[in-house]
Amino acid sequence: MSKKRTVSHAVIHIVLILLAAVSLLPFCSMIASSFMEIKGVLPDQPVLFPDFPLYTANYSRVWFENNFSRYFLNTLFLSVVGMALNVVVSVMTAYGFSRFEFPGKEFLFNVFLLTMMVPAQLAIISQYTILNDMKLIDQYGGVFLLWTGTCIAGNTFFYRGFFESLPRELEESMFLDGASRNQVLIHLIVPLSKPAIGTSAIFAFTGYWGDLFTILTFIKTEEKRTLSVALQLFRGQHGTEFGLLFAASVITVIPIVAIFIVFQKQFMQQGLTEGALKG
Amino acid sequence: MQKQNGSLSVRFRKGLGQWAAVLPFIGIPLLLFAAFCLYPQIKNIYIALTEYSIMPGAAHPFVGLENFRKIFTDITVEGSDANYFWIAFRNNVLAVLVTVPGQLVLGIAVAVMIHQIKFAKNVYKVVFYIAVICDWVVVANIFNYIFQPDQGSLVNYVLLRLHLIREPVAWLSNTWTANAVIWIFSIWKGFGWVMIIYLAALAGVPKDLYEVATLDGANSWDKFIHVTVPCTKDSIFYLVVNLINGAMNIFIQVFLLTQGNPLGTTDVLMDYIYTRAFSYFQFSYAAACGIFMGVFVFSTSLLLKRWMRYGRNS
């Protein structure tokens, strides 16, 4: 029995390693190519490992000459502020919906759910006309308003369930001690919800970091671009300079991979929360 | 409602008080939600019913259902707006039919395998999830690169070596190979998400059910079909609904890899709509197409939910 199990485990490992190799091969190719000078026609064999010593000129050209240092800072700024706004607004709304009674509450909540069922991307046309009327095209302010306005429905849905599962006793004793609603939210609910807030904040950050269409549609000035958009337009100009293109790609994706490796647990928890809530 | 609260003015005043209490928390968020999420969806309808111009101070003459009629005019005439629209619609449906089963089967298979083993579980999870978290633009660049028409591109090279093809294929220049690349891309990027969700579901299946099945002489496949699947039905339902929604909204893959080329034959609805609005500035027609698509997605997902719930009770 146990021998049979060892054999079957070995087979599973072999299958998984093969699949993992197929999944990772494209990434290997990207990293290796970013350290090579590839222009126009591709080499006769695919590049999977870089030559040594490493050719690093692609990185310095992208970072210094093609302004990617600037785009990096822009992206960092937008993602951090976007994430902060996302968390504050969503936590406040969910607190309102989980701890207050008011007429029309469930109706509003159903409106939230309804807007979640319509493809969000479709709104981009009228969002453009609205920001255009507000003179907020090409302004980061407009991007923040859009990001914040569109995250509320889904996040309220997510946090409300979590807040409602928290025990009420501590809250009641805080109220007896004369605490205000604000104090209860900041000193009790938020600390107790750290795992949920952390997970959702990380997803917000990575989502904003990789956002393409909001920035592409609403930001016009070159100096205000983010990495994703710059990379997409860079491909138009240097389409066949693959070495250069992949140096830019690696710069774009490294922070996300780093965050993923550090916060693995939070990423994997997505399964737990979503699977448990709705499954 | 209690009797003493029955009088209208008392109830009204009570409601007002409740709103006053909650407004500091939800006031600004509700305003933002209304202005940038709800109102745009409603304004889309207005834009679709007029000939909308983004020029300041321009009039927006009401044209009724004219923009919707365009979707159904000259469907069979090659090169007409409607013709391209329905090609894109076909590709959306194909994307659902191919990428949903693809992601589901691959993701569940990988999850079941990882669930079985004890060693290096986390390494596999991380490896298969990396594609999910990477920027679309970055992975699109990689796919564009490995599917280049040269004989030295990764895919051509491997297939030539295995003698599966005789000469290099220009993957992204032909309708069906380009569509296939888009589907493979979607499956490759999405199955890790299925794996994570399904692993969580597998953790909830009671172990003793498997032991009973083993005593009854069931093999691994029997156990999967008769124990695992019924116990994880709800998660599978959740996955299917979300994958179909995702596949209907397929956009960024196409926008980055083919932009609908050759000749719009790999286009999908969202890309078609985005291009009509922001390259051709046909805001009203694009909005009409968007509403058509929105109604279609909304009603199919509603029907799907009905149908799957019905299946669950019977």
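The mean pLDDT of chain B is 87, with 96% of its residues at 70 or more. The model is predicted, and the predictor assigns the complex an ipTM of 0.86 and a pTM of 0.88. Within chain B, confidence is lowest in helix H13 (residues 283-313), where the mean is 82, and highest in helix H3 (residues 81-116), at 93.

**Overall fold of the chains**

Chain A has 13 helices and 0 strands. Chain B likewise comes to 13 helices and 0 strands. The table lists values for each chain.

| Chain | Radius of gyration | Globule rule | C-alpha box along the principal axes | Buried residues |
|---|---|---|---|---|
| Chain A, 279 residues | 24 Å | 19 Å | roughly 75 × 70 × 35 Å | 40% |
| Chain B, 314 residues | 25 Å | 20 Å | roughly 70 × 60 × 40 Å | 39% |

For chain A, the radius of gyration of 24 Å is well over the 19 Å of the globule rule, so the chain is more spread out than a compact globule. Chain B is also more spread out than a compact globule, because its 25 Å is well over the 20 Å that the rule gives for 314 residues.

In chain A, residues 24 or more positions apart account for 72% of the contacts with a separation of 6 or more. In chain B, 63% of the contacts between residues at least 6 apart in sequence join residues at least 24 apart.

**Domains of chain B**

The domain assignment divides chain B into domain 1 (3-49) and domain 2 (71-313). The C-alpha centres of these two domains lie 38 Å apart. Their contact takes 4 residues from domain 1 of chain B and 6 residues from domain 2 of chain B. On the side of domain 1 that touches domain 2, the residues divide into 3 nonpolar, 1 polar and no charged.

**Contact between the chains**

The contact between the two chains takes 71 residues from chain B and 75 residues from chain A. Helix H1 (residues 8-49) of chain B supplies the largest share of the chain B side, 19 residues. By residue class, the side of chain B that touches chain A divides into 52 nonpolar, 14 polar and 5 charged.

**Nonpolar core**

The largest nonpolar core has 149 residues, and the members that touch the most other members are Ala248(A), Phe143(B), Met195(B), Tyr198(B) and Val268(B). Helix H7 (residues 175-203) of chain B gives the most to this core, with 18 residues. Domain 1 (3-49) and domain 2 (71-313) of chain B both contribute residues, so the core lies between them.

Leaving aside neighbours within four places in sequence, Met195(B) is in contact with Gly107(B), Val110(B), Ala111(B) and Phe128(B).

**Local backbone features**

Most residues other than glycine have a negative phi, and most peptide bonds are trans. Several sites in this model depart from that pattern.

In chain B, a cis peptide bond joins Asn261(B) and Pro262(B), with omega about -5°. Pro262(B) is found in the loop between helix H11 (252-257) and helix H12 (269-278) of chain B. Leu263(B) also lies in the loop between H11 and H12 of chain B. Phi of Leu263(B) is near 50°, a positive value in a residue other than glycine. Leu263(B) counts as exposed because it has 12 C-beta neighbours inside 10 Å, and the cut-off for exposed is 12 or fewer.

In chain A, Asn67(A) has a positive phi of about 70° although it is not a glycine. Asn67(A) is placed in the loop between H2 and helix H3 (68-99) of chain A. With 16 other C-beta atoms within 10 Å, Asn67(A) is partly exposed.

**An exposed phenylalanine in chain A**

Phe49(A) lies in the loop between helix H1 (2-34) and helix H2 (57-65) of chain A. Phe49(A) has 10 other C-beta atoms within 10 Å and is therefore exposed. Phe49(A) and Met268(A) are 219 residues apart in sequence, and their C-alpha atoms are 30 Å apart in space.

Terms used
Residues numbered from 1 in each chain as written. Chains lettered and ligands numbered in written order. Predicted model: local features only at pLDDT ≥ 70, side-chain atom pairs only at ≥ 80, totals over all residues. Domains from an automatic or database assignment. Contact = placed C-beta atoms within 7 Å. Nonpolar A, V, L, I, M, F, W, Y, C, P; charged D, E, K, R; others polar. Helix = DSSP H or I, 4+ residues; strand = E, 2+ residues; numbered from the N terminus. Core = buried A, V, L, I, M, F, W, Y, C linked by C-beta atoms within 7 Å. Rg over C-alpha atoms; globule rule 2.2 N^0.38 Å. pLDDT = per-residue confidence, 0-100.
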